[in-house]
Amino acid sequence: MRRKHEVPMLEVKNLHVNVDDREILKGLDLTVNKGEVHAIMGPNGSGKSTLAYVMAGKPGYQATEGEILLDGENVLAMEPDERAAKGVFLAFQYPLEIPGVATMTFLRTALNAQRKKRGQAELSTPEFLKTVRETAGMLEIDQEMLRRAVNVGFSGGEKKRNEILQMALLQPRLCVLDETDSGLDIDALKIVADGVNRLRSPERAMIVITHYQRLLNHIVPDVVHVLSRGRIAKTGGKELALELEAKGYAEFQDEAALAS
Amino acid sequence: MNAEVRSMKTNAEQALAEAFVSAKPTLPGDGQVSALREAAFRSFEAEGLPHRRIEEWKYTDLRALMRDAKPIAGTPDAAAKSRAKSAGLLVGDIDARRIVFVDGMFVPELSDLANLSPGLTIRSMAEAMAAGDPQLAAHLGKVVSSEREGVLALNTALMRDGALVRVAKGATLERPIHLVFAATGARPASVFTRSLVVIEEGARAMLVESHDAAAAHQVNTALELVVGDGAHFDHIKITSGPSDLIHVSSLMAAIGARARFNDFAFNIGGGVVRNQLFVRFDGEGTLAGIRGASLLKGKQHVDTTVVAEHKAGGCQSREMFAAVLDGESRGVFQGKIIVQPHAQQTDAKMMTRALLLSEEAEADNKPELEIFADDVQCGHGATTGALDQDLKFYLMARGIPEPEAEALLVQAFVGEAIEGIEHAGLRDALMEQVVAWLKARGG
């Protein structure tokens with residue numbers, strides 16, 4: 001998969017991250033090339049969500065050492081909106097409710113802000129509406145939902161589908177999906193996974209963070225990593241996920257404990 | 001020594017007393033009206049300007065804030081009238097009947113009094129006072145008693161002009177009435193306007209008041225309102241102006257049975273603004289919404305004080321006020337709900353929310369409940385806080401820059417209050433004002 005002489009899309013080097021003065025990531029290394037889908041699995045508390053947040057630039061997630069290079073450029077000093085404009089997208093584990101902001105307004109503001117930052121013209125209203133309707137239709141998102149305030153009164157599954165809708169509209173280059181399967185029943189999981197699979201492309205990379213192997217039956221990864229105690233403890237192919245499902249994380253918790 | 005100092009009048013009080021004496025011969029009305037003025041003036045002389053030791057004015061020490069009193073505005077000249085042509089545009093392009101007051105005086109040539117719909121009467125208060133209009137004998141100074149209310153007494157003593165509006169029994173006004181108050185005089189002046197609005201049984205109307213003023217003006221405006229049984233009345237007051245404007249406003253409303261009453265106060269300017277509303281529910285089965293939104297920056301001080309008195313039972317009142325505070329501004333909300341002994345089945349709720357955009361801004365909330373009936377539902381809530389950082393991050397993670405993300409969240413915050421306005425055009429116009437305010441802030 002890896003092409004020589006090409007800068008990887010994402011390179012995380014020796015990343016140390018503190019949250020509330022506690023070190024959560026302790027020297028994490030990760031390389032993701034374009035076109036690849038990487039799964040990051042691991043026990044609770046291993047630092048999976050921290051990795052997702054620090055990539056998106058959440059305040060309070062303090063990188064004390066190391067780099068996150070996107071196309072060779074360190075994004076750690078960038079504001080979240082700059083990272084988004086460069087193509088980073090985080091699908092939240094717990095999408096937030098924004099009372100008073102209509103979903104349509106939100107989508108449009110986000111899309112146009114990114115286009116503006118990239119020097120592209122704003123989408124016309126008919127173009128925008130057409131794109132949103134088509135994409136929403138594929139994700140079985142009701143038109144009525146789009147008129148409501150962002151995520152307010154949405155079920156867990158609707159919120160997750162709304163995340164994928166945003167991802168599909170914004171067309172990011174690097175998608176980070178944080179526990180996108182949590183709280184989904186099997187039908188919703190399939191809709192979400194289909195939505196994600198439609199976005200797989202040779203120009204796009206994805207990092208799928210999950211505790212369970214279940215999602216990976218639907219979004220089949222190229223590479224699987226096990227994150228434990230703030231570091232990548234093991235890397236393998238998609239069969240690693242099945243192995244974890246069978247054996248659990250006990251082995252890695254011990255391994256990581258020994259390493260630290 | 002101390003006692004002597006306390007009994008002394010401030011410069012502003014002294015100037016106002018002198019102004020009354022010299023203006024008295026030229027103020028409109030005789031007989032009953034002038035007796036009302038005299039009594040009010042004596043009350044003002046006894047009380048003076050309200051100050052922080054008066055509980056209702058605890059957070060707005062007008063005596064200290066009003067360093068001087070400006071001379072009473074004269075008759076507006078052509079230049080002042082010309083400047084007033086663009087006043088009141090904050091309401092957007094809604095089709096309303098504009099009635100214009102410049103420097104506190106009615107200006108017929110800027111007003112639209114043509115083709116009044118059946119049942120609608122509009123008259124200048126000065127004219128009504130001079131002519132001894134029977135509506136004044138019935139209602140002026142009587143709608144809600146306001147003893148110990150210094151600024152209202154001052155208004156009654158010095159009231160010059162305003163609107164007398166009557167909507168007859170059963171009449172429905174299709175077009176809203178827009179009272180445009182513009183103090184555009186070249187020199188700082190004091191302006192005293194007084195209006196009386198009578199919405200008779202079963203009538204339906206909407207009234208918008210917009211107030212704007214030039215630099216360093218002092219405006220004292222009052223509106224007495226009578227809403228009859230089964231009537232439906234919407235009132236929206238918009239206050240703007242420069243940062244050295246002192247604007248004091250009193251609404252006294254008596255609401256009949258099975259009526260619908262919606263009040264909205266929108267504050268987007270001024271230096272010191274006091275908006276006081278005294279609303280009394282006299283008949284059963286009325287639904288009322290008393291709402292407002294304020295956007296403050298710099299050193300602005302906006303005080304909203306609402307007294308909702310349930311005299312009759314079975315009424316529902318909802319109060320909802322939102323304030324956005326930037327810079328070193330201060331927002332005050334005082335809300336009192338009174339439920340009289342026989343007003344059973346009263347359902348009264350009061351909610352106030354303050355959003356602080358700066359470390360230096362301050363919000364003060366003082367809710368009070370005085371309940372003398374036992375079968376009622378009353379409640380109040382207050383929140384004060386900064387913008388939700390997690391929501392801001394969510395928006396920014398989608399590529400929305402920080403100022404725009406903040407603007408979206410502020411719009412959402414204010415929008416919740418503005419949604420209470422029934423008139424869509426006006427809702428949109430006010431939201432546009434919010435957006436413009438945020439743009440000026442850098443959003």
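Where in chain A is the place of A:Asp20?

1. The model under discussion is predicted. In it, A:Asp20 sits in the loop that runs between strand E1 (10-19) and strand E2 (22-32) of chain A. The phi angle of A:Asp20 is near 50 degrees, a positive value in a residue other than glycine. A:Asp20 counts as exposed, because it has 8 C-beta neighbours inside 10 Å, and the cut-off for an exposed residue is 12 or fewer.

2. With 15 other C-beta atoms within 10 Å, A:Gln171 is partly exposed.

3. The largest nonpolar core contains 228 residues. Those with the most contacts inside this core are A:Phe89 and A:Val176 of chain A, together with B:Ile199, B:Val227, B:Ala253 and B:Val324 of chain B. Helix H10 (residues 402-418) of chain B supplies the largest share, nine residues. Because domain 1 (9-283) and domain 2 (387-443) of chain B both give residues to the core, it lies between them. In soluble globular proteins, nonpolar side chains tend to be buried together.

4. The surroundings of A:Phe89 can be listed individually. Leaving aside residues up to four places away in sequence, A:Phe89 touches A:Ala84, A:Met167, A:Leu170, A:Pro172, A:Leu174, A:Cys175 and A:Val176. One of these, A:Val176, is itself among the residues with the most contacts inside the largest nonpolar core.

Technical notes. Residues numbered from 1 in each chain as written. Chains lettered and ligands numbered in written order. Predicted model: local features only at pLDDT ≥ 70, side-chain atom pairs only at ≥ 80, totals over all residues. Core = buried A, V, L, I, M, F, W, Y, C linked by C-beta atoms within 7 Å. Buried ≥ 20, exposed ≤ 12 C-beta atoms within 10 Å, placed from the backbone. Helix = DSSP H or I, 4+ residues; strand = E, 2+ residues; numbered from the N terminus. Domains from an automatic or database assignment. Contact = placed C-beta atoms within 7 Å.
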